[in-house]
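Me: Hi! I'm new to this one and have it open beside me. Could you walk me through it?
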Amino acid sequence: LQIFVTILNVNDNSPVFQQSSLTRTIPEDTKVNATVIAREELSASDADLDTIYYELRAAAQGTEGFFAIRGVNNPELYLQRALDYESFQHTTLLLYARDRPAGSGEVTYTATATITLVVEQADTRPPWFLPCSFVDAAKRVCISSPYSGRVNISEVSREPLVLEPGPIYAVDPDYTLNEKILYSIVGGDAERVFSVGADTGNLTMNKPATGPASYLLQVMATQVNNVQKYSVVTVEIQVINKSEKAPYFEERLYRGTVLAGLAPGSFVFQAGHPSAPLRVRAADEDFPDV
């Protein structure tokens, strides 16, 4: 008598990941849809030879939707949204492996792998001239105001020019990289009256200014490692007559009258001339036309 015995495979084993904890560094400028971790590194095995069903969840708040897996049976991890180093620098993902589909009424075993991703800042932004003002809540774009200064006509200043709102200065907003920046004048000075320190940004004079009433210089800040990363700012230099004499008031004493109870902003009138507003005037011999 021959007896044939068929052994039925019972689901009594949990899926197993090759590594229950993984850490990877991902550059900030990684392209959307690029693979972050290959399928082979994330696949789980099952001694029962069951089909494995995967699910990915973000454990860190605010990082949802940036990463995804290719499919319910394909755990390959890829980038779904563009990264921004200013938004977050690292995140933790949980990858679940089940031996039954989600919602199945059968006995289901589950394994979990923890994936830690560290975002590495990339060279994505051009230099910023300071001071500057942010135009977006995420602080990705900072707009600088023009610089301004004055020089005396027909004179050469031997020191760096004093500018408002401060000296010419630019920084690399990708601050963990902090690439070196070089300065140059790219417009507004055909006569080469001015020079800018390539490393310092200090604006100096080569010769006297005798031309227009003002110069509108275009100063460029360029990253040494990438000439395509640059910014340009305007520097207005007014050419003025040298002031040798102090201004003076036309009168040593001014007298006026005002009625009690007048509203703020009301005129003060000249004493003895109740219909003529009181005027306080000053003059300067260096600027007779002003």
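Me: Let's begin with serine 214: which strand is it in?
Reply: Serine 214 sits in strand 18, residues 214-223. Strands (E, at least two residues) and helices (H or I, at least four) are DSSP runs, numbered from the N terminus.

Me: What kind of model is this, and how are residues numbered?
Reply: It is a predicted model, where local features need pLDDT of at least 70, side-chain atom pairs count only at pLDDT 80 or more, and totals for chains, interfaces and linings use all residues. Numbering starts from 1 along each chain as its sequence is written, and side-chain values use heavy atoms, with hydrogens and water left out.

Me: Back to serine 214, then. Which residues does it touch?
Reply: Not counting residues up to four places away in sequence, serine 214 touches Glu236, Ile237, Gln238 and Val239. Contact here means heavy atoms within 4.5 Å.

Me: Why does serine 214 count as partly exposed?
Reply: Because its relative accessible area is 30%. Buried means under 20%, exposed over 50%, and partly exposed in between (1.4 Å probe, protein chains only).

Me: New topic: how many disulfides are there?
Reply: The count comes to one disulfide, a pair of cysteine sulfur atoms within 2.5 Å. It joins cysteine 132 to cysteine 142, with 2.0 Å from S to S. Cysteine 132 is in strand 11 (residues 132-134) and cysteine 142 is in strand 12 (residues 142-144), ten residues apart.

Me: Are those two cysteines buried or exposed?
Reply: Cysteine 132 is partly exposed at 21% relative accessible area, whereas cysteine 142 counts as buried at 9%.

Me: And where is aspartate 84?
Reply: Aspartate 84 lies in the loop between strand 7 (74-79) and strand 8 (90-98). With a relative accessible area of 11%, aspartate 84 is buried. Leaving aside neighbours within four places in sequence, aspartate 84 is in contact with Glu28 and Arg140.

Me: Zooming out, how is the chain divided into domains?
Reply: There is domain 1 (15-120), domain 2 (128-240) and domain 3 (247-289), with bounds from an automatic or database domain assignment. The C-alpha centres of domain 2 and domain 3 lie 42 Å apart.
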